[in-house]
Amino acid sequence: MVSVMAQFPLVVTTQVDVVLVLVSLLALWTRLSYLSYPNAVVFDEVYYGQFVSLYMKRVFFIDDSGPPLGHTILALGAYLGGFDGNFVWNRIGAEYPSSLSVWSLRFLPALCGALCVPLVYLLTLELKFSHLSALGASVLLLLDNSLIVQSRFMLLESLLIFFVLLSFFSYLRFHNSSHSCFRYCWLLLSGASCAAAVGVKYMGVFSYLLLVGVASLHTWHLIGDQAVSHLSVCVQCVCRIVCLLVVPVLLYVFWFYIHLTLLDRSGPHDQLMSPAFQASLEGGLSRITQGQPLEVAYGSQVTLRSSVSQPIPCWLHSHKANYPIRYENGRGSSHQQQITCYPFKDVNNWWIIKDPDRQELVVGTPPRPVRHGDVIQLVHGMTSRFLNSHDVAAPMSPHSQEVSGYINFNVSMAAQNLWRVNLPHREAESESWKTILSEVRLVHVNTSAVLKLSGVSLPDWGFRQLEVVGEKLFKAHSSSLGWTVEEHRYGTSQEQKEREAELHSPTHIDVERKISFWAKFLELQWKMLTVKQEDSEHKYSSSPLEWVTMETNIAYWLHSSTNAQIHLIGNPVSWGVAILSLLAYQLLAAIYLVRRRRGFKDISDGVWARFVCVGCVCVGGWVVNFVPFLLMEKTLFLYHYLPALCYLHLLSPALLEHVHTHLLSKATHRRALCVCAWIVLTSVFLSYRTFCPLTYGTPELSANQLQALKWRDSWDILYRYR
């Protein structure tokens with residue numbers, strides 16, 4: 001007992017990086033102070049706010065701009081602030097009600113934006129540069145007006161930048177750490193951060209691929225290290241594969257699991273999804289399809305939705321109107337009843353499944369299910385015309401067959417109204433045709449053509465509805481041939497008038513339908529990647545080259561009666577330094593490569609390796625986050641450049657230290673470079689202070705003061721003279 005007591009008092013010693021603490025506090029102050037101002041919707045808050053409201057109401061939505069994690073994080077902030085989703089996000093500048101906590105809506109993006117500053121500090125140290133360079137990098141990020149503006153509102157760029165920086169910092173901390181089990185926690189954090197970056201915006205994929213590339217090079221060097229045992233190499237390779245490949249994929253799927261679990265109610269975006277997906281949501285289509293028979297039987301009354309009718313759904317349709325005898329180009333038609341695809345719910349969308357060998361149009365007892373390979377006839381419910389096709393050119397797609405509702409004109413044109421049921425995704429040859437769950441192809445027996453939505457709009461004589469044709473199977477794309485039974489009832493009336501009345505009263509047979517999470521995930525993922533809203537020109541859209549030269553800005557918010565306003569404008573000095581650093585690094589790297597090729601080694605191998613590493617991370621990061629926008633055909637904005645810019649803020653102090661330490665030998669030159677660096681940092685601060693009124697929206701400036709801030713003629717700064 002005495003020996004134990006002799007160990008007291010217990011003493012804990014720790015080291016605190018005062019500079020790191022200081023820049024962290026300054027970052028929190030610049031990003032979080034006066035966060036509730038302005039108390040109005042700012043620029044893209046009008047866009048993301050709609051999704052936050054849908055989250056609060058648990059209503060399903062799909063955003064083609066990226067995965068759901070970013071929206072989930074924004075919704076978390078709103079939830080913590082007690083937001084109930086009851087706010088109409090209809091215009092920029094709309095005042096928030098007093099009951100809504102604006103601070104909580106903007107807190108998480110602002111916090112992530114603030115944490116980016118100490119992350120840059122730590123990342124610079126992991127790149128093996130000095131604390132002074134780390135301070136310089138963090139100051140450049142700290143005083144960048146554009147990054148401050150983008151962080152202070154309910155937007156996603158600060159989240160993306162935070163997770164990207166965290167992924168690189170964690171990986172480099174793992175790479176630089178001594179061989180211990182705890183270092184793999186950093187590797188795991190790196191993989192999780194990569195998954196989060198991709199989960200916020202798809203642009204995170206490029207930084208993720210860059211990190212995987214850097215890790216692959218390090219792993220290749222590890223494999224060639226003869227001092228490491230074979231077992232250790234295998235274990236380390238497996239750990240890297242699991243943490244950087246498997247974990248990000250699993251977490252990416254997990255973001256969608258959270259998204260789909262929370263949003264279980266029907267909403268305005270349901271129509272983008274398949275009937276099976278829609279029926280899995282509470283309300284909407286599930287209300288219509290609840291109690292429908294599962295198996296399609298002879299005598300069933302059905303509506304058939306085209307699987308390819310995206311983003312607007314449409315259903316197989318007919319009406320009492322015939323194809324014109326001759327089209328505008330002089331070609332003739334069958335003059336039979338029109339068959340179209342109609343993008344609205346309508347009683348003329350109903351069809352009856354008929355057995356060709358029987359006259360009955362009702363379901364027998366017990367029902368006889370329709371199976372794969374069966375030959376059927378389709379009778380239009382309201383006009384009793386048979387779905388027909390023949391060797392007559394379609395009206396808008398002359399290389400395809402016309403599909404019509406057969407009318408016997410007593411001419412030499414016999415009915416060809418037999419269709420074979422083909423279930424391409426069947427699990428057995430005798431599988432039955434199911435409501436919602438089965439995708440079916442209807443193959444014309446006489447010509448082997450497949451019923452297909454061409455997607456072409458018919459002229460006025462076809463009421464601008466969509467053309468349906470018969471297409472030879474070897475000509476058609478497989479995804480354009482499918483149809484799904486969406487609404488379904490068992491027919492009980494043989495007479496036409498009774499049947500017409502019956503089409504409005506569904507039968508109720510309780511049938512449980514479930515769609516797996518994986519099916520929903522794959523469908524949602526496919527829709528997000530393929531269904532794109534039409535891009536339109538925007539007043540503040542810009543090209544990537546305009547970002548580099550700072551020829552553009554974005555007015556985020558304008559006060560309705562004063563000159564108070566907020567703009568996305570970068571710090572001109574730090575942006576200029578960033579692009580000069582990029583050019584200087586490329587020039588210096590080219591000189592080094594040529595001289596090393598000729599046998600001259602101006603710097604040691606260790607310094608060269610560090611120079612290459614900072615180039616891979618910083619220059620490579622800029623390239624992968626900038627060049628893809630040059631190839632995109634979409635509406636682009638200045639904020640798309642911010643992730644790439646952060647890499648250049650990392651590069652500038654690192655390059656300056658390299659020049660100071662390894663290229664300048666005279667003390668006079670080094671002192672001159674230090675003086676220039678301090679002048680630049682002072683200019684960065686003065687530039688930040690100059691544009692603060694446009695960054696925070698306060699204090700209000702006069703028209704003359706605003707005009708003085710218009711450093712570029714292309715900048716759109718608005719002011720009122722009084």
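Predicted model: local features only at pLDDT ≥ 70, side-chain atom pairs only at ≥ 80, totals over all residues.

Me: Why is I436 called buried?

Reply: Buried means under 20% relative accessible area, exposed over 50%, and partly exposed in between (1.4 Å probe, protein chains only). I436 has 5% relative accessibility, so the residue counts as buried.

Me: And why is S448 called partly exposed?

Reply: S448 has 46% relative accessibility, and therefore counts as partly exposed.

Me: What makes the phi of I436 worth a look?

Reply: Most residues other than glycine have a negative phi. I436 is not a glycine, yet its phi is positive, near 65°. This residue lies in the loop between β8 (419-422) and β9 (439-444); helices (H or I, at least four residues) and strands (E, at least two) are DSSP runs, numbered from the N terminus. S448 also has a positive phi, of about 65°, and is found in the loop between β9 and β10 (449-457).

Me: How do you know that the bond between Y37 and P38 is cis?

Reply: Its omega is about 0°. P38 lies in the loop between α2 (18-32) and α3 (45-56). A cis peptide bond joins T698 and P699 too, again with omega about 0°, and P699 lies in the loop between α20 (667-696) and α21 (703-708).

Me: What makes β6 and β7 a pair?

Reply: Two strands pair if DSSP finds at least two bridges between them. β6 and β7 (residues 401-405) have 5 bridges, in the antiparallel sense, and L387 stands opposite G405 in β7. Strand β6 (residues 387-393) is mostly covered, with 5 of its 7 residues buried.

Me: What makes a set of residues a nonpolar core?

Reply: The members are buried Ala, Val, Leu, Ile, Met, Phe, Trp, Tyr and Cys residues, joined through side-chain atoms within 4.5 Å. The largest such core here has 155 residues, and F60 and W89 are among those that touch the most other members. Helix α8 (residues 157-176) gives the most to this core, with 13 residues. A second, separate core of 28 residues includes V370, I376, V403 and L442.

Terms used: Residues numbered from 1 in each chain as written. Heavy atoms only, no water.
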